[in-house]
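These notebook entries record what I looked up in one protein structure.

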Amino acid sequence: MATELLKQEGSYLEALREWHSAQPTSGVDWLDRLRSIAMERFSELGFPSVKDEEWKYTNVAPIARMNLQSRPPAAVLDVSEFAVPEAGESQLVFLNGKLQSEQSSLASLADGVIAVDLIGACSGERGTLVREHLSRSADYVSNGFTALNTGFISDGVFIHIPRNAAASQPIHLLFVSDGAQPVTFPRVLIVAEENSSATIIESYLGAAGAEYFTNAVVEIVLKDGARLEHYKVQREGADAFHVATTVAELGVNASYDTTTINFGGKLSRHDVRVVMDHEGAECWVDGLYLVTDNQHTDTHSVIDHRQPHCTSHQLYKGILDGKSRAVFNGKVFVRHGAQKTDAMQTNKNLLLSNEARVDTKPQLEILADDVKCAHGAAVGQIDEEELFYLETRGIHPDLGRNLLTYGFAEEVINKIKVDSIKQQLDKAVLNRLNTRLEV
């Protein structure tokens, strides 16, 4: 069996290398060199295995068994169903990794705010800025999936928010897969200059009956005093694989508030890293995963306090049903000299099935002595006393369980300040729970 798996992975890696060799040059020398170096590194690293500590509970071997041949679309998706009215004129749509200009509109971007094709930005007047930040924080040297994404940088998006600019409308990045392309490599670079502010929505949507793989990397640079609200909503198809990396670097007094919602995919993994290397930075790194049947979701986060007077807040919640499995590994580092750090980390999980399983491991590594840090994790089922209370008010037990489950999820969803996104997520949670009730 092990020999067969190695053969399958070797075949998959060889197909990716051939695919890489066939891709056209970007026309930008430094970018082509970066892609070649990253692909060479991927050839050395390959995919991680369960022998790697960081991937101990997530087996990505099924990705290596995928068929990399293009095929007819599995479905025609109506992206309007997932549109964000608040970002109606500030939306970029990607289909199978390719920017769809006719479905995108940037008419309402604030003055000076730029959202452009990444390759075009590399070769244009913003090339120096892109070169300075692209792949600076996303680690392609030790992370095979990041190396693979970097090797295939093509269509992506570069967002630049100039000094003192305030984007009044959210910018929506919608990545859609219809199954025709087996692998896509979304790449996003966001640079927010001093004292700027913006809201970014990053959405993933896929056809229900298609097997495909999304490998995404998002790099965020917040300069001094910059503020960014960032929402990621992952609703890939039921047979899809989704592996993503998000890295944010925070300047002096910068503020990064991110909420990630994971609903879709057969197997999903999200690595989040926030680096606070300047005093006064603050971040909120929150999320909700709702999985059922045989879904597997994995969240690994690192919040790195390198300088004094920085604050981090983290709340992740999980709802698991059927034979689903979730992994949460959250690390908070407080480096030498990072005094007056204030860090709070919490992971809570609600199991709706006796067959569901979660592995949770919040971690603190503190090398300073004047800090306020705490972490905790909880795994449990519906509180029977709360359920009994609802029953005494005439509510059916199954409906009562759904109400309590919905209330559990709402703490995270209510953080989202974009009303239409909040309503979509409310609907998605209720649909999941009602389906369970009907069964």
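The entries below follow that order.

**Entry 1. The chain as a whole.**
I note at the outset that this is a predicted model. I looked up the secondary structure of the protein chain and found nine helices and 20 strands. For the extent of the C-alpha trace, I recorded a span of about 70 × 50 × 45 Å along the principal axes. I then compared the radius of gyration with the globule rule: for 439 residues a compact globule would have a value near 22 Å, and the 21 Å of the protein chain therefore agrees. Of the 439 residues, 56% are buried. I also looked at contacts with a separation of 6 or more, and 85% of these join residues 24 or more positions apart.

**Entry 2. The sheet.**
In which order do the strands of the open sheet of ten strands lie? I read the order as β2-β1-β5-β8-β10-β12-β14-β16-β18-β20, and the pairing is mixed. The edge strands are β2 (98-99) and β20 (372-380), each of which pairs on one side only.

**Entry 3. Strand β14.**
I next examined strand β14 (residues 282-291) and its pairing. Strand β12 (residues 255-262) runs parallel to β14, and eight bridges join the two. Within that pairing, Asn-262 has Tyr-289 of β14 as its bridge partner. Strand β16 (residues 311-320) is also parallel to β14, with ten bridges between them. I recorded two residue pairs here: Cys-283 stands opposite Ser-312 in β16, and Asp-286 has Leu-315 of β16 as its bridge partner.
Why is β14 largely enclosed by the rest of the structure? Eight of its ten residues are buried, that is, under 20% relative accessible area, so the strand is largely enclosed.

**Entry 4. Cavities.**
How many cavities of 30 Å³ or more does a search of the whole structure find? The search finds two.
The largest cavity holds about 60 Å³ of space. Its lining includes Phe-94, Asn-96 and Gly-97, along with Thr-184, Pro-186, Thr-214 and Glu-236. Phe-175, Val-176, Ser-177, Tyr-204 and Leu-205 also belong to this lining. I asked which strands contribute: β5 (171-177) and β8 (197-206) each supply at least two residues. The largest share, three residues, comes from β5. By class, I recorded six nonpolar, five polar and one charged residues in the lining of the largest cavity.
The second largest cavity holds about 30 Å³ of space. I listed Ser-90, Ser-108, Leu-109, Ala-110, Ala-167, Gln-169 and Ile-171 as its lining. This lining divides into four nonpolar, three polar and no charged residues.

**Entry 5. Asn-59.**
Asn-59 lies in the loop between α2 (29-45) and α3 (61-64).
I then looked up its surroundings. Leaving aside neighbours within four places in sequence, Asn-59 is in contact with Val-50 and Leu-267. Ser-49 is ten residues from Asn-59 along the chain, and the C-alpha atoms of the two are separated by 6.4 Å.

How values were computed
Residues are numbered from 1 along each chain as its sequence is written. This is a predicted model: local features need pLDDT of at least 70, side-chain atom pairs count only at pLDDT 80 or more; totals for chains, interfaces and linings use all residues. Side-chain values use heavy atoms; hydrogens and water are left out. On a 1 Å grid over the protein atoms alone, a cavity is a set of points where a 1.4 Å probe fits but cannot get out, and a pocket is an open set with protein on both sides within 12 Å along at least five of seven lines; lining residues have an atom within 4 Å of a point. Grid points are joined across faces, edges and corners, and a volume is the space filled by probe spheres set on the points. Helices (H or I, at least four residues) and strands (E, at least two) are DSSP runs, numbered from the N terminus. Ala, Val, Leu, Ile, Met, Phe, Trp, Tyr, Cys and Pro count as nonpolar, Asp, Glu, Lys and Arg as charged, and the others, Gly among them, as polar. Buried means under 20% relative accessible area, exposed over 50%, partly exposed in between (1.4 Å probe, protein chains only). Two strands pair if DSSP finds at least two bridges between them. The radius of gyration is taken over C-alpha atoms; the globule rule is 2.2 Å times the number of residues to the power 0.38. Contact means heavy atoms within 4.5 Å.
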